[in-house]
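Welcome! Work through the exercises below with the model open beside you, and try each task before you read its solution.

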Amino acid sequence: MNIFDGLTIRALFDFLSAGFLLAALCFMFIGAMGVVRLPDAYNRIHAASICVTLGLTAMLIAACFHLNAAPILTKSAITIVFIFVATPIGSHMLAKAAHDTNLPQWESTLSDELAEDKKRYGWADDEPAKSATETDAASEGQYAA
Amino acid sequence: MNMLTHLSTMLAAAPHGDESHADESTIPIPPPTTDWEAAAQTALFVVVDVGMITLSLAFVMCLWRLLRGPTLADRGLASDTIAMQVVGLSILLTIRIRTLMFFDAVLIISILGFASTLAFAQFIARRRAV
């Protein structure tokens with residue numbers, strides 16, 4: 001199918017694939033630079049999660065454009081949906097676990113709303129810590145007795 | 001040397017251009033017919049080759065973070081990113097040599113990366129209470 005002067009659909013799809021792939025490589029490399037360069041674990045989680053999600057999605061779309069075969073299309077669709085659901089959940093759980101272990105923020109970070117909410121609503125992580133001290137006290141009492 | 005000659009005879013005897021024994025998992029590529037198609041294919045393959053180098057560089061940078069990372073969250077995050085870069089490398093390999101064999105690994109490695117991230121988060125969170 002000729003659009004003009006030998007520019008076929010296949011050539012157009014290959015150019016689109018190259019463009020998506022270039023965007024994906026920019027995303028992935030910027031994400032890796034963020035993982036290396038940013039000052040804080042929370043900032044690094046942010047950089048890695050966003051750039052990896054967009055980069056892998058663009059790369060799968062590029063694969064769909066170049067090799068337009070049915071298995072590639074279905075597996076790419078499944079993988080794109082999975083990545084869009086799973087990567088934010090994973091990075092969110094990682095950040096929440098880091099915050100629960102009182103990982104200090106970078107000193108130039110402006111706010112810590114999760115800590116304020118923990119203080120205000122009593123979501124504090126002192127519950128396991130309290131039980132740990134209680135068990136410590138109990139075991140100490142046991143030893144004393 | 002003997003093994004090498006044996007391997008080369010095995011490769012020569014393998015059904016190479018035979019259409020009846022063609023590999024099911026390889027997508028055949030027709031030769032480009034116009035100048036635009038040749039230019040597009042060359043551009044795509046140049047981007048793929050540059051991308052393999054770029055992704056390997058990103059892999060090494062994340063490996064440095066994995067080895068050095070001051071906290072446990074940094075290591076978990078770096079391992080998650082490394083898994084996703086392995087997925088990207090396998091997509092590039094699929095585009096480059098036009099085979100379907102490595103494309104199953106994409107979904108599997110992304111699921112494994114997600115599960116390992118969750119396990120890392122649980123490990124970090126439980127480590128405090130103990």
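**Exercise 1. Find what percentage of the residues in chain A is buried.**

Solution. Start with the rule: a residue is buried if 20 or more other C-beta atoms lie within 10 Å of its own, exposed if 12 or fewer, and partly exposed in between, with C-beta atoms placed from the backbone. Next, apply this to the 145 residues of chain A: 33% of them are buried. For chain B, with its 130 residues, the share is 32%.

Before going on, note that this is a predicted model, where local features need pLDDT of at least 70 and side-chain atom pairs count only at pLDDT 80 or more, while totals for chains, interfaces and linings use all residues. Residues are numbered from 1 along each chain as its sequence is written, and chains are lettered from A in the order in which they are written.

**Exercise 2. Compare the span of helix α2 of chain A with its expected span.**

Solution. The expected span is 1.5 Å times one less than the number of residues. Helix α2(A), residues 41-66, has 26 residues, and 38 Å is expected. From first C-alpha to last it reaches 37 Å, close to that value. As for its setting, 22 of these 26 residues are buried, so α2(A) is largely enclosed by the rest of the structure.

**Exercise 3. Describe the side of chain A that touches chain B.**

Solution. Two residues are in contact if their C-beta atoms, placed from the backbone, lie within 7 Å. The contact takes 49 residues from each of chain A and chain B. On the chain A side, β2 (7-8), α1, α2, α3 (70-100) and α5 (126-144) each supply at least two residues. The largest share, 15 residues, comes from α1(A).

Technical notes: Helix = DSSP H or I, 4+ residues; strand = E, 2+ residues; numbered from the N terminus.
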